Amino acid sequence: MDAVYLQTNDAEKNEVVAFRRDADGKLSLLGTYPTEGRGTGKPHLASQSSVVVSGDRLLVVNAGSDDVTLFAIAADGLSLLDRAASGGTMPTSIAVRDASVFVLNAGGDPNVTGFTLDDASLTATRDTRSLPGSDPAQIGFTPEGETLIISDRANDALHAIPVAGGEAVRRPSSGATPYGFDFTPDGTLVVTEAFGGTVGAAAASSYAVGLEPISKSVANTRSEVCWAAVTNDGRYVFVTNFGDGSISSYAIGSDGSLSLVDAVAGSTTLGTKGVRDEALSSDGRFLYTLDADARKVFAFSVRDDGRLDPVGDFDGLPATAAGLAAV
């Protein structure tokens, strides 16, 4: 089913909001589905990959009740299968690859906790990795699945954790306040850099395997950059700029280098804060962005040359809405 999912992050009753995606990219409400957990009830949850899809399963963090909910995806909506303790405090991001799941717990003493995913349950393993002194934003698998990458805003660093065990590596990021990231199919890592929210200082950097820098802090002239989404062909990456409601586009060279294409490739409410999460549809044809301050999801069609065309928006969301996954 072609669909888009987000969470309400409500402090009393967190829910997943599901939209059906039409052939033209427009959305229609499919339904809302309780997670049986609680969100933080606060706007602007650091939430890239707080809602993720893996095949016919959907996982969502409940940052207020410190657990993770597993749903089955069907044509007529979602059905709850399981809910498991996250292994820490304030889970905000999930990495999933086949049956292997890792949850990033960003509160208290931050850590990464491992799980095994089967048809109907999420089972914690004994694999917990501590991240002392960090302020982590996102976790994700490298394309080959052997390493976990975590962005750390407190230390302006990137953590690389071997999935099979062994010593974690912490490398300095090219720029300050590394936030969201995504990979090209061949393994180039693109990381956004918010530079502490300094006006006009937003940037993105790229890294080769082993976190070796390629392009360092390529500025986009915008502010408070958040999330990154790489196109299926690995030629472009879109980044959302919370500070002014804009979406910037970069070209990715064959060597992994970045060059700014358009500082304002698209916008939600240009000049107004709010846009954060984003996700590309599985076929790569549409980009969806969540502007929680506007309480809307905005849709764009993606041209072959990386340009964006507005498709429409869906409103009526709570100001606490967070996370975004598209299939």
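**Cores, rings and strands**

Tutor: Take L258. Leaving aside neighbours within four places in sequence, L258 is in contact with V190, A204, S205, S206, S215, V218, V237, Y250, A251 and I252. Keep in mind that this is a predicted model.

Student: Which residues have the most contacts inside the largest nonpolar core?
Tutor: Y179, V190, V237, V239, Y250, I252 and L258. That core has 19 residues.

Student: Which strands each supply at least two residues of this core?
Tutor: β21 (225-230), β22 (236-241) and β23 (246-252).

Student: And which of them gives the most?
Tutor: β21, with five residues.

Student: What does the second, separate core include?
Tutor: That one has 16 residues, among them F286, L290, A321 and L324.

Student: Switching to rings. How many aromatic pairs are there?
Tutor: The count comes to five. One of them joins F181 and F183. Their ring centres are 6.2 Å apart and their planes stand at 80°, so this pair is edge-to-face.

Student: Why is 80° enough for that label?
Tutor: Because planes over 60 degrees apart count as edge-to-face, and the planes of F181 and F183 are at 80°.

Student: Are F181 and F183 buried or exposed?
Tutor: F181 is buried, at 3% relative accessibility. F183 is buried too, with a relative accessible area of 14%.

Student: How do F286 and Y288 pair up?
Tutor: Tilted. The distance is 6.5 Å centre to centre, with 45° between the planes. F286 and Y288 are both buried.

Student: What about charges over rings? Where does the charged end of R153 sit?
Tutor: Over the ring of Y179, 4.8 Å from its centre. Y179 was also listed in the largest nonpolar core. In another case, R276 lies over the face of F242, at 5.6 Å from the ring centre.

Student: New topic: T92. Which strand is T92 in?
Tutor: β8, residues 89-97. T92 has 2% relative accessibility, so it counts as buried.

Student: What does T92 touch?
Tutor: Not counting residues up to four places away in sequence, T92 touches L45, A46, S47, Q48, S49, S50, V61, L104, A106 and A137.

Student: How far is T92 from G39 in space?
Tutor: 10.0 Å, C-alpha to C-alpha. In sequence, T92 and G39 are 53 residues apart.

Student: Now strand β2. Why is β2 called largely enclosed?
Tutor: Six of its seven residues are buried, so the rest of the structure largely encloses β2 (residues 15-21).

Student: How many bridges join β2 to β1 and to β3?
Tutor: Five bridges join β1 (residues 3-7) to β2, running antiparallel. Seven join β2 to β3 (residues 27-34), also antiparallel.

Student: Which residues partner there?
Tutor: Y5 has A18 in β2 as its bridge partner. V16 has Y33 in β3.

Student: What do β2 and β3 form?
Tutor: A hairpin, with five residues between the strands. In the turn, G25 has a positive phi of about 90°.

Student: Last one: what is the order of strands in the open sheet?
Tutor: β4-β5-β6-β7, with antiparallel pairing. β4 (51-54) and β7 (77-85) each have a single partner strand, so one side of each is left without a neighbour in the sheet. Neighbouring strands here are turned by 25° against each other on average, direction ignored.

Student: How many bridges pair β5 and β6?
Tutor: Six, between β5 (residues 57-62) and β6 (residues 67-74). V60 stands opposite T69 in β6.

Methods. Residues numbered from 1 in each chain as written. Predicted model: local features only at pLDDT ≥ 70, side-chain atom pairs only at ≥ 80, totals over all residues. Heavy atoms only, no water. Core = buried A, V, L, I, M, F, W, Y, C linked by side-chain atoms within 4.5 Å. Buried < 20%, exposed > 50% of the residue type's maximum accessible area, 1.4 Å probe, protein only. Helix = DSSP H or I, 4+ residues; strand = E, 2+ residues; numbered from the N terminus. Contact = heavy atoms within 4.5 Å. Pairing = 2+ DSSP bridges. Phe/Tyr/Trp six-rings, centres within 6.5 Å; stacked < 30°, edge-to-face > 60°. Lys NZ or Arg CZ within 6 Å of the ring centre and 35° of its normal. Axes fitted to C-alpha atoms, helices over the stretch in contact; angles between N-to-C directions.
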